[in-house]
Amino acid sequence: MKEVIEMFEQMQFDTKWIILGEMAGLGAYKESEHKDLFDFVKSKNFDKKIFIGKAYETYKNANDIIFFDDVMDCRNWLDINWPQHTAILIKGSRSSFLEKLIH
């Protein structure tokens, strides 16, 4: 996940958004891995940082972060706020159903 984010960060686009869903299959490491990823992304210079899912709920009051409980809440927001001329990285476990964001 971090490698993809770093590659995206280096791509030459004027505006970049990142949308991350929960990661599955982490077992006992679920909380620590989500925190680690959140901290990693927070340090990056993306125009919008969007997190979806209960695993990120603890961090929803962080500055410059947009948080949604589920993918449909995010989809409804994107229907109104879909950006023009913006590169968007959408990444999460298959169980997050993030494909609903672009259908």
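User: What does buried mean for a residue in this predicted model?
Analyst: A residue is called buried when its relative accessible area is under 20%. By that cut-off, both Phe-8 and Phe-46 are buried.

User: How many aromatic pairs are there, and what makes Phe-8 and Phe-46 one of them?
Analyst: The count comes to six aromatic pairs. Among them is that of Phe-8 and Phe-46, whose centres are 5.6 Å apart, and because centres within 6.5 Å make a pair, these two rings qualify. Phe-8 belongs to helix α1 (residues 2-10), while Phe-46 is in the loop between α2 (30-42) and β2 (48-52), so the pair links distant parts of the chain, 38 residues apart.

User: Why is the pair of Phe-38 and Phe-51 called tilted?
Analyst: The ring centres lie 5.0 Å apart and the planes meet at 50 degrees, so the angle falls between the limits of 30 and 60 degrees and the pair is tilted. Since Phe-38 lies in helix α2 and Phe-51 in strand β2, the pair ties together parts 13 residues apart in sequence.

User: How do you know whether Phe-38 and Phe-51 are buried or exposed?
Analyst: Phe-38 has a relative accessible area of 4% and Phe-51 has 0%; both values are under 20%, and therefore both residues are buried. Ring pairs also link these two with Tyr-56 and Tyr-59 into a cluster.

User: What makes Lys-100 a charge over the ring of Phe-97?
Analyst: Its charged end sits over that ring, 5.1 Å from the centre, and the distance limit is 6 Å, so this value meets it. Lys-2 likewise lies over the face of Phe-40, at 5.3 Å from the ring centre.

Note on methods. Residues are numbered from 1 along each chain as its sequence is written. This is a predicted model: local features need pLDDT of at least 70, side-chain atom pairs count only at pLDDT 80 or more; totals for chains, interfaces and linings use all residues. Side-chain values use heavy atoms; hydrogens and water are left out. Helices (H or I, at least four residues) and strands (E, at least two) are DSSP runs, numbered from the N terminus. Buried means under 20% relative accessible area, exposed over 50%, partly exposed in between (1.4 Å probe, protein chains only). A charge sits over a ring if NZ of Lys or CZ of Arg is within 6 Å of the ring centre and within 35 degrees of the ring normal.
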